[in-house]
Amino acid sequence: MDNKKDVKGFLEFVYEFYKSMKAHEITLVYEGEITHQITKAFTSLTESNMAKEDESGNVQRKVFHVMVECLQNISKHADDFTSSDFLFSGRGIFLVSKGENEYSVTTGNAVENDKIEELTNMLETINKMDKDELKGLYKKQMKEGRLSEKGGAGLGFIDIKRKTGKELEYHFLPISNDTSFFLLTSTISREDN
Amino acid sequence: METIKIQGTEDTPKVTLDKETELMEISGRSLPEDVASFYDPVLSWLEEYAQDPNPKTIFNFKLVYFNTASSKLLLDILMKLEEIHENGNDVLIRWHFPEDDEDMEEAGEEYADIVDVPFEQVPYSG
């Protein structure tokens, strides 16, 4: 920013950004590398906010579960890529929003296009399953699945659907011929049931 | 044999494995950065213990949270205990859960379904 006009434009953008966050009830947003330290910091921050707001123990536990699994999905999968492109080095966007009736946890990270089919199939399968089918799949995967080199157990999506009881909403947006941006959002009802 | 005592942290559980006092417990939160290396000493300890176990083994799980990667390692521990039981030894798993935490209670039920070993669900308040 080499002159006053640019600074003013930037600050106006920040205000628009702030208003936009407020309008979408976003309480936490982060872009960058998702490490274990980040995971710990965000979960403990959200946890203390929820405790302050007297959110029920049940809702707090579910939000905590979903946040951990979403953050670990990015930290464990986003650097599977060999590309040196900054998009692929364990980075992503992470945001939490809090509405009147629900919390939502959204992640976005770059994926190679040849992963889209596998991800879509996995998410569609999980979304269609009822409680008992999910339970069966979780047990099967726990018994038969192997821990990946990064420590992923392939259980994250199943766990999110089981804990929230809601479908995982997702979307792929093209970045280039080979890559897309993968967005995933999970909602947790604030009704204590 | 050697006693294992690991202090709990915000992301790793407290672990006590003591053959002499017969105290075996994993409690707290489990979302270690590297789940395999965290549980490796626990599994090795059980491996050695299985060679010459106490006449009765009571293993306590008192977790308030564990992530999906940990759930797999917890199953590995339970399978080790199942093996000790299969070899003709007395083994009891005590699965403690906060009384208002249905998910933790259900997790215990699922493990009890998977492994063939006496399993007791223990609700606690607080």
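Visitor: Which residue with a positive phi follows H2(A)?

Guide: Please keep in mind that this is a predicted model. Directly after H2(A) in our discussion comes a residue whose phi is positive, near 55°, and that residue is Asp54(A).

Visitor: How far apart are the end C-alpha atoms of helix H2 of chain A?

Guide: Helix H2 of chain A covers residues 36-52, which makes 17 residues, and at 1.5 Å a residue these should span 24 Å.

Visitor: Is Lys163(A) buried or exposed?

Guide: Lys163(A) is found in helix H6 of chain A, residues 156-164, and, once neighbours within four places in sequence are left aside, it is in contact with Lys62(A), His65(A) and Asp103(B). Its relative accessible area is 13%, and since buried means under 20%, Lys163(A) is buried.

Visitor: Which element gives the most to the lining of the largest cavity?

Guide: A search of the whole structure finds 1 cavity of 30 Å³ or more, and the volume of the largest cavity is about 60 Å³. Its lining draws on both chains, including Lys40(A), Thr43(A), Glu10(B) and Arg29(B), and Lys40(A) and Thr43(A) are also among the buried residues of H2(A). With 4 residues, the element that gives the most to this lining is H2(A).

Visitor: How many residues of that lining are charged?

Guide: The lining of the largest cavity includes Glu47(A), Asp11(B) and Arg29(B). Its residues divide into 2 nonpolar and 2 polar, while the number of charged ones is 5.

Note on methods:
Residues are numbered from 1 along each chain as its sequence is written. Chains are lettered from A and ligands numbered from 1 in the order in which they are written. This is a predicted model: local features need pLDDT of at least 70, side-chain atom pairs count only at pLDDT 80 or more; totals for chains, interfaces and linings use all residues. Side-chain values use heavy atoms; hydrogens and water are left out. Helices (H or I, at least four residues) and strands (E, at least two) are DSSP runs, numbered from the N terminus. The expected span of a helix is 1.5 Å times one less than its number of residues. Buried means under 20% relative accessible area, exposed over 50%, partly exposed in between (1.4 Å probe, protein chains only). Contact means heavy atoms within 4.5 Å. On a 1 Å grid over the protein atoms alone, a cavity is a set of points where a 1.4 Å probe fits but cannot get out, and a pocket is an open set with protein on both sides within 12 Å along at least five of seven lines; lining residues have an atom within 4 Å of a point. Grid points are joined across faces, edges and corners, and a volume is the space filled by probe spheres set on the points. Ala, Val, Leu, Ile, Met, Phe, Trp, Tyr, Cys and Pro count as nonpolar, Asp, Glu, Lys and Arg as charged, and the others, Gly among them, as polar.
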